[in-house]
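Subject: Structure handover, pockets and helix packing

Hello,

Could you look through them before you set up your own work on it?

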Amino acid sequence: MNCPKVSDVIGIINKLAPFARAEEWDNVGLQVGDPAAPAGKIMVSLDPGREALEAAIASGSRVLLTHHPFIFKPLKRISLADPTGALIALAIKNDLAVISLHTNLDVAPGGVNDLLAELLGVTSCVPLKVTDQEELVKLSVFVPQGCEEQVLDALFRFSGFIGNYSDCSFRAPGIGTFRPLEGATPHIGEIGKRESTEESRVEVLIRKDDLAAALNALIKAHPYEEPAFDIYPLLNRGKATGLGRIGVLREETTLAGFAAATKERLGLQGVRYVGDAGRRVRKVALCGGSGASLLRDAWRQGADLLVTGDIKYHEAREAETLGVALLDAGHFATEIPMVRGVAGLLRQELEKKRFVADVAEFEGEREPFRHI
């Protein structure tokens with residue numbers, strides 16, 4: 001049995017939703033716990049409340065993975081008389097590690113906003129507000145002819161996409177020369193004799209963050225003892241990540257019709273909306289949780305509607321002025337899909353790495369607001 005450690009779970013989450021992409025004011029990553037502890041059982045929840053911690057402990061989980069941070073504001077003391085201190089003590093006493101992924105999951109592909117878009121039928125999504133873009137470099141390597149594919153297979157894991165295309169490369173033939181010196185073990189040629197051989201110059205776009213790993217893979221796959229390569233910095237940028245999403249519905253509908261569909265799909269008692277009920281809606285912006293601050297981004301990009309939660313009165317008035325419809329589906333309902341989504345992604349990644357661990361979804365969370 002290959003049981004993961006807490007640090008392994010942290011590594012997987014950092015790959016799915018890099019902690020470095022969280023907002024500066026946020027607190028993500030390991031909040032409480034021992035990175036070296038085993039993590040054979042993991043539970044995922046939206047909030048790090050007492051109910052979630054007690055459910056995780058009762059199930060034998062060693063990790064609770066939450067969206068909202070367990071420790072958000074800096075602590076000056078940990079007192080068991082304080083509710084937060086008591087929860088921290090509860091986790092420590094029961095060897096429960098708590099890991100939070102908050103705004104890094106908001107911007108991540110497949111994260112909170114992509115999950116919400118999928119539920120609401122919003123397609124062809126791109127970030128509503130770009131906060132980061134992949135940096136790319138060009139890796140040019142010289143390979144003996146006939147060995148290009150094995151080198152490319154090693155590099156494509158780290159290559160940037162060009163639009164909707166992957167596995168992109170360029171090659172050109174030429175003649176390479178070299179003289180093996182004493183101590184060398186050449187793949188081609190003899191010690192002390194200058195050699196000329198037919199080679200291909202192979203070029204691939206590489207994500208800058210993955211460059212070190214790509215070079216290690218290149219050296220292992222290349223037949224030469226000392227492969228020759230060049231690295232070029234580029235002004236090109238790769239995939240964009242950011243807050244919210246904007247996309248289109250497969251079929252145009254009315255604001256009232258979309259509001260009713262959202263109520264049903266998210267299992268809500270009701271929704272609030274701003275705008276004419278009969279208004280036609282096709283281009284939809286959305287942001288799980290509190291996303292009214294993105295109203296002007298939605299307006300600038302021509303959105304008919306912004307779907308989010310926690311909309312305030314003056315934000316509603318501003319939307320009327322801008323001519324953008326608003327749909328308040330609540331903070332909880334627009335983020336709770338992350339529990340199932342993150343649990344599913346985590347199971348896939350654990351299996352890929354041949355780890356054996358149970359991943360459970362906490363089902364006891366409920367919308368805190370009630371209607372009469």
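Which element gives the most to the lining of the largest pocket? Strand E5 does, with seven residues. Please keep in mind that this is a predicted model.

Largest pocket

The space in the largest pocket comes to about 1,300 Å³. Its lining is made of 39 residues, and those nearest the centre are Lys 15, Leu 16, Arg 21, Glu 134 and Arg 207. Besides E5 (122–144), the elements that supply two or more lining residues are helix H1 (6–16), helix H4 (103–107), strand E8 (229–254) and helix H12. By class, the lining holds 18 nonpolar, five polar and 16 charged residues.

Second largest pocket

For the second largest pocket the volume is about 700 Å³. There are 29 residues in its lining, with His 331, Phe 332, Glu 367, Pro 368 and Phe 369 nearest the centre. Two or more lining residues come from each of helix H2 (50–58) and helix H11 (331–335). H11 gives the most, with three residues. The lining of this second pocket splits into eleven nonpolar, nine polar and nine charged residues.

Helices against H12

Helix H12 gives two or more residues to the lining of the largest pocket, and it also takes part in two of the helix contacts described here.

One of these is with H5. The axes of H5 (residues 112–120) and H12 (residues 337–352) come within 9 Å and cross at roughly 110°. An angle of 65 to 115 degrees counts as roughly perpendicular, so H5 is roughly perpendicular to H12. Their crossing is right-handed. On the H5 side the contact is made by Val 112, Leu 115 and Leu 119, and on the H12 side by Pro 337, Met 338 and Gly 341. Five of these residues are nonpolar, one is polar and none is charged.

The other is with H1. Here the axes of H1 and H12 are 10 Å apart and the packing angle is about 115°. This crossing, too, is right-handed. H1 contributes Ile 12, Ile 13, Lys 15 and Leu 16 to the contact, while H12 contributes Leu 345, Leu 346, Glu 349 and Leu 350. The classes are six nonpolar, no polar and two charged.

H6 against H7

How are H6 and H7 oriented to each other, roughly parallel or roughly antiparallel? Helix H6 (residues 148–155) and helix H7 (residues 211–221) pack at about 155°, their axes 9 Å apart. Angles over 145 degrees count as roughly antiparallel, and H6 and H7 are therefore roughly antiparallel to each other. The crossing of H6 and H7 is right-handed. Gln 150, Val 151, Ala 154 and Leu 155 of H6 meet Ala 214, Ala 217, Leu 218 and Ala 221 of H7. This contact has seven nonpolar residues, one polar residue and no charged ones.

Regards

Methods: Residues numbered from 1 in each chain as written. Predicted model: local features only at pLDDT ≥ 70, side-chain atom pairs only at ≥ 80, totals over all residues. Heavy atoms only, no water. Axes fitted to C-alpha atoms, helices over the stretch in contact; angles between N-to-C directions. Helix = DSSP H or I, 4+ residues; strand = E, 2+ residues; numbered from the N terminus. Parallel < 35°, antiparallel > 145°, perpendicular 65-115°, else oblique. Left-handed = near helix turned anticlockwise from the far one by under 90°. Contact = heavy atoms within 4.5 Å. Nonpolar A, V, L, I, M, F, W, Y, C, P; charged D, E, K, R; others polar. 1 Å grid on protein atoms, 1.4 Å probe; cavity = no way out; pocket = protein on both sides within 12 Å on 5 of 7 lines; lining within 4 Å. Points joined across faces, edges and corners; volume = space filled by probe spheres on them.
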